[in-house]
Amino acid sequence: MNEKALRTLEYNKIIGLLTEQAASSSGKELCRHLIPSMDLAAIQLAQRQTADALTRIYRKGAPSFAGCHDMGASLKRLEIGGTFHIEEFLRLCSLLETAKRVKQYSRGEREDEPKDSLEEFFTGLEPLTPLHQEIQRCILSEDEIADDASSNLKSIRRSIRSVNDKIRTQMNTMLNSARNHLQDAVITMRNGRYCLPVKAESKSQVPGMIHDQSATGSTLFIEPMSVVKLNNDLKELFLKEQDEIEVILADLSSQTAEYIPAIRADFELLTQLDFIFAKASLAKSYNGTAPVFNQDGIIRIRKGRHPLLDPKKVVPIDIRLGEDFNLLIVTGPNTGGKTVSLKTVGLFTLMGQAGLHIPAADRSQLAIFDDVFADIGDEQSIEQSLSTFSSHMTNIVSILEHVTYNSLVLFDELCAGTDPTEGAALAISILSRLHEMGVRTMATTHYSELKVFALSAPGVENACCEFSVESLSPTYRLLIGVPGKSNAFAISGKLGLGQDIIADARNRMDAEDESFEDLISNLEENRIAMEQEKLTIQQYKDEIESLKQKLEQKQARLDSQREKILRQANEEAHAILREAKEVADETIKNFHKFGKGNISAKEMEQERDRLRAKMNKAEKGMALKQEAAPENHKIPKKLRIGDSVKVLSLNLKGTVHTLPNEKGDLYVQMGILRSLVNIKDLVLLEEPSPFKSKSKGTGSGKLKMSKSLSVSTEINLIGKTTDEAVALLDKYLDDAYLAHMPSVRVVHGKGTGALRKAVHSHLKRLKYVKSFRLGEFGEGDSGVTIVEFK
């Protein structure tokens, strides 16, 4: 690929974005040197690797390659017998830690999942755990070697600490005894030896070696004679410590030398993975997809978006070239998107052949070209005394000299900057030469002659960038098959230019030019109308398809329910017939016994009563079943606590215990059973009021009926004292007994058991209590007592 086209199409900016995605310096270097390839197999492999990395990123995020350091120079020195410094060992640890982290990232895949193109990279990584752990054990930081690095080092450092303690003890003693002769009561270090800051006039009072003095000469730093030997011993120990550290580093270097090939392999694999995941991260940033490549020169871009434009503002475009036509001529107003369309085709080609995903819809197709040539932008050169036309023509001459059948050529404003008539003729000749060679070419222009050329020449197609005259702004949509219109008169009129001037301008146009522009205008109007009709038809089709699917689903449900009902009906009929046969056989058998005198008439009558009772029971069950599932029953709207209701799903009557929540769920007390049901499962029972009875009841009867309507089936005593609880319980039990309730529920909680004992003690003294027991599982366990009345 020629460097000029790479710069013109801004491929270098894409490489800059790619480089930012890489974490390691070696990965960034690979990104900087990425160039498009012409090998189909290599391109497809690179695209597959990018796609597999992108899949992993979407599934579990991107791995980090921040610790991938280049150990090449250090390893070469190690090969010839050198040793690593502490910093080099730490860089090696970072590299091995990255290898370990990336290898763990690749684990956790299911065995049944197919292996992707990155599996060999992950499999080849060797974290070298024993070496890594040994380095970490010995080296704590850039300035510290662990005491446990060797037994000799541990012994030396123990001796250093011991000598240090002795020196400090001795120095502290002198500090206290010679305080009057010291400038400051501190112990300081000079040249690695412990000293005291002695006043210059008192130097004879503190015998020792002078190592330094202050700037003014008033203070002398003297090493007392009593610690000279200890300081010498300390110096020797420090030298031994340094020698032992060198031995430890040499030993670690020797161990590392055994793994040089594995370390180099880890670095290369991590660099490649960093490069591949950088491509995947870049694709993720602009929602890129892998294009489909061909060697037939066919370009079919679907919903393509230029990657350097704002993704929130860029308008997707569809472009095709090389299938029905090899030459595409794009016309339209300035700033309408012609140049962007041109650059999108060229940049997508370069990105695709470099193994990068393109920001376009799935199944977009790209061709593999040997080279891409682009003549875009104003290349006027003052230094070379070249005008705009001359610089463009110089570039065009170079393109015509190097172009081949398998090249892609892009022209922006071909042969502009000169006389329009000559420029248009020259442009047609250049495009005709490229078209005869079969070169895939795309050109933008304002020349009307090129529109006519595209309409008349086979294998050449017109295209335009749509422009809205109403808003005086481009829509940036590329329309293939429609020549562009300048819209100069319409735009001028919208901007306020006088109609007389516009009319005069129209009169100055040739009749053929004017008719051609009118034809283009009519074609554009027809195209817009057809697109609107197509959109409306598609909406109708979608709506019909949706209704069809709903109808099919409904029919399937009806068929399924019909089969289920028929199957249940057949099973029930079979059971009824089987039972009827058994009853008939038993009856005939009894009649035979009666005829023979083996059974009395009384026994026959009893048998007949038994059969009648059985039939009545069956009829009653059928009536209950019909009553249990009324169709379209009225859902209670205003429920009150204490209302009598029937739970359809359980076929039980009860009273409302709580009001329904926003979902319609409420608690209903059915005897000793308290259940959460939905209001749709309830039927409000209309019970006659005891005060509207036709019979003249006594005052006692009215009281009992009134009690039955107001007394709850349970009492909650939690939080009460024993005395309060017994008083409340006594009144409640009296009311419940008067209301003829068969049983009630006393909630006293578990706690310490004192409240439960008081309740049970009181219940034992009541004569109308038949029995009481603790609640079972589902009734409240030992926190509840169930009381039954006589």
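The entries below go from the whole chain down to single residues.

**Ground rules.** I am working with a predicted model, where local features need pLDDT of at least 70, side-chain atom pairs count only at pLDDT 80 or more, and totals for chains, interfaces and linings use all residues. Residues are numbered from 1 along each chain as its sequence is written, and side-chain values use heavy atoms, with hydrogens and water left out.

**Whole chain.** I looked up the secondary structure and got 22 helices and 25 strands. Helices (H or I, at least four residues) and strands (E, at least two) are DSSP runs numbered from the N terminus. Of the 790 residues, 40% are buried; that means under 20% relative accessible area, with exposed being over 50% and partly exposed in between (1.4 Å probe, protein chains only). For contacts (heavy atoms within 4.5 Å) with a separation of 6 or more, 65% are between residues 24 or more positions apart. The accessible surface is about 45,400 Å², and carbon and sulfur atoms hold 53% of that. Those areas come from the Shrake-Rupley method with a 1.4 Å probe, and for residues only the protein chains shown count as cover.

**Cores.** Which residues touch the most other members of the largest nonpolar core? I found Leu 18, Leu 92, Ile 139, Phe 277 and Ile 299, in a core of 92 residues. Helix H11 (residues 260–285) gives the most to this core, with 14 residues. A nonpolar core here is a set of buried Ala, Val, Leu, Ile, Met, Phe, Trp, Tyr and Cys residues joined through side-chain atoms within 4.5 Å. I then checked Leu 18: leaving out residues up to four places away in sequence, Leu 18 touches Cys 31, Leu 34, Phe 275, Ala 278, Lys 279, Leu 282 and Leu 356. Another core, of 24 residues, lies apart from the largest one and includes Phe 373 and Met 393.

**Aromatics.** I counted eight aromatic pairs. Rings of Phe, Tyr and Trp (its six-membered ring) pair if their centres lie within 6.5 Å; planes under 30 degrees apart are stacked, over 60 edge-to-face, the rest tilted. Tyr 737 and Phe 789 make a tilted pair, 5.8 Å centre to centre with 55° between the planes. Tyr 737 is in helix H21 (residues 722–738) and Phe 789 in strand S25 (residues 784–789), so this pair ties together parts 52 residues apart in sequence. Tyr 737 is partly exposed at 35% relative accessibility, while Phe 789 is buried at 7%. Phe 789 also pairs with Tyr 768: centres 6.0 Å apart and planes at 40°, so tilted. Tyr 768 sits in the loop between helix H22 (754–764) and strand S24 (769–774), 21 residues from Phe 789. Elsewhere, Phe 65, Tyr 105, Phe 122 and Phe 277 form one aromatic cluster.

**Charges over rings.** The cut-off is NZ of Lys or CZ of Arg within 6 Å of the ring centre and within 35 degrees of the ring normal. Lys 60 lies over the face of Tyr 105, 4.8 Å from the ring centre. Arg 190 puts its charged end over Phe 221, at 3.9 Å.

**Cysteines.** How many disulfides does the structure hold? I got zero, with a disulfide being a pair of cysteine sulfur atoms within 2.5 Å. Cys 195 is buried at 0% relative accessible area, and Cys 415 is buried at 4%.

**Asn 231.** Buried or exposed? Asn 231 is buried, at 2% relative accessibility, and lies in helix H10 (residues 228–257). Residues up to four places away aside, Asn 231 touches Ile 167, Arg 193, Tyr 194 and Glu 223.
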